[in-house]
Each structure stands twice: as C-alpha cells, then as structure tokens.
Amino acid sequence: VERMLATIPDSIQRASLILTDSEAIRLELIQQFNLPEHKLKTVLLGVDQIYFPRSATELQPYLNKFSLSANGYSLFVSTIEPRKNLQNLLAAYRALPLSIRQRWPLVLAGGRGWESDAIHAAILQGAAEGWLKYLGFVEQNALPYLYAGCRLFTYPSWYEGFGLPIAEAMASGVPVLTSNTSSMPEVAGV
C-alpha cells in the first residue's frame with residue numbers, strides 16, 4: 001500500500017490524460033489530486049451481451065442447479081465485505097414480514113472478502129431462519145441466469161468505482177434497488 005500511495009500521485013501528475021469509468025470517480029480524482037478538469041475523461045463501462053431478459057422456461061434448467069425458481073428470489077452479487085453494506089441489507093430483509101421473506105428469499109452470490117466474519121455470521125443466521133440462501137462464489141457463466149431469474153436485484157454498497165452488477169441486472173431486465181452514493185446513481189441512470 002505504501003508503494004502504491006507513493007507512486008500513484010507521481011503517475012497522475014505525469015499523465016497527459018486519465019480515463020475513469022464513472023463521472024463520480026473523475027470528480028473524486030480532480031478534487032483529491034487538484035487536477036485540471038481537462039486532464040480526465042470518463043468512459044463508462046459496457047455490459048457483456050450475455051446479459052438480457054430470459055423466459056422462465058429458458059431460466060429454469062439453470063436455476064434448478066441452485067434450487068431457485070424464476071421470479072422467486074431477490075439477488076445480491078458481489079464479494080462479501082463491509083463496503084457492500086450487507087449488514088444493513090440483511091437487517092432490512094429481516095424486518096420484512098416472514099411471509100415475504102419466505103416467498104422471495106434473499107440470495108447472495110459472491111466469495112468471501114476481507115473482514116467479513118460478522119457478515120457471514122448474519123448470513124448463517126438468515127439461512128438458518130429459512131429466508132436467505134448463500135451460494136458463495138458463482139461461476140461467470142451462471143450469473144446471467146441468476147440475474148434474469150430474480151424478482152429484484154439489491155446492491156446497497158457504500159462505495160463503488162462503477163458498480164457493474166447494477167448495469168448487468170438492468171440489462172437482464174430486472175428492477176434494481178441500489179444506494180445513492182458514489183457512482184451508483186450514475187450507473188442506475190438516476
């Protein structure tokens with residue numbers, strides 16, 4: 001980390017053009033490093049063509065592998081770590097009436113990240129109560145089906161440089177519930 005903090009400012013000062021993947025990050029860099037606006041340009045990320053709406057008939061063979069049904073769950077996809085705001089998502093889901101949680105369980109897909117022990121304890125509790133399913137790391141080829149099959153995609157992260165899962169879910173034709181911080185409103189088109 002020390003080496004990175006020492007080399008990044010020098011690299012930024014030497015660059016003639018800096019590309020960012022969101023306007024939020026562009027503005028953050030301008031402010032953090034006192035850069036002229038013309039030195040930075042935003043180029044938004046695109047979504048792979050494998051993300052698109054799919055019929056329940058097409059989805060079901062893939063969802064069966066996870067014991068899920070089309071339009072029968074809420075989804076979160078990302079590494080499990082504190083900045084993803086999962087503790088608040090789990091608390092909010094837990095506050096829903098049990099009948100809603102059972103009808104549309106929360107499905108989490110993502111590998112274990114840093115400082116996630118408390119989050120994983122809450123995940124285990126939700127799973128034991130029957131309203132949460134933790135899939136762990138999911139292969140890239142399964143994600144388009146998980147996105148397209150969900151009733152709602154949730155992404156309450158505290159901070160993102162871009163927030164590609166938001167765009168992937170929207171391309172899959174599902175509603176998205178996300179934070180209004182950093183780049184997420186920009187990606188969600190809010």
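**Salt bridges, a pocket and a patch**

Let's start with E160, which is buried, at 6% relative accessible area. Keep in mind that this is a predicted model.

What does E160 pair with? R83: the two form a salt bridge, with the closest N and O atoms 3.2 Å apart. This pair links distant parts of the chain, 77 residues apart. R83 sits in the loop between β3 and α4, E160 in the loop between β6 and α8. R83 is partly exposed, at 31%. The pair also belongs to a network of salt bridges, together with E81 and K84.

In total, the count is nine salt bridges. Here are two others.

E129 and R94 meet at 3.4 Å, N to O. Again, distant parts of the chain are linked: E129 is in the loop between α6 and β5, R94 in helix α4, 35 residues apart. E129 is partly exposed at 34%, and R94 is partly exposed at 27%.

R14 and D10 meet at 3.7 Å. Both lie in helix α1, four residues apart, about one turn. R14 is exposed at 62%; D10 is partly exposed at 42%.

Now the largest pocket. Its space is about 190 Å³. Helices α7 and α8 each give two or more residues to the lining. That lining has 14 residues, and V77, S78, A109, V138 and L143 lie nearest the centre. By type, eight are nonpolar, five polar and one charged.

Last, the surface. Which residues make the nonpolar patch of about 290 Å²? L17, L19 and V43. L17 is in the loop between α1 and β1. Its relative accessible area is 48%, so L17 counts as partly exposed.

Definitions and conventions. Residues numbered from 1 in each chain as written. Predicted model: local features only at pLDDT ≥ 70, side-chain atom pairs only at ≥ 80, totals over all residues. Heavy atoms only, no water. 1 Å grid on protein atoms, 1.4 Å probe; cavity = no way out; pocket = protein on both sides within 12 Å on 5 of 7 lines; lining within 4 Å. Points joined across faces, edges and corners; volume = space filled by probe spheres on them. Nonpolar A, V, L, I, M, F, W, Y, C, P; charged D, E, K, R; others polar. Patch = residues over 30% accessible without salt bridge, like charges linked within 9 Å, V, L, I, M, F, W, Y side chains within 5 Å. Areas by Shrake-Rupley, 256 points an atom, 1.4 Å probe, with all protein chains shown as cover. Salt bridge = Lys/Arg side-chain N within 4 Å of Asp/Glu carboxyl O. Buried < 20%, exposed > 50% of the residue type's maximum accessible area, 1.4 Å probe, protein only.
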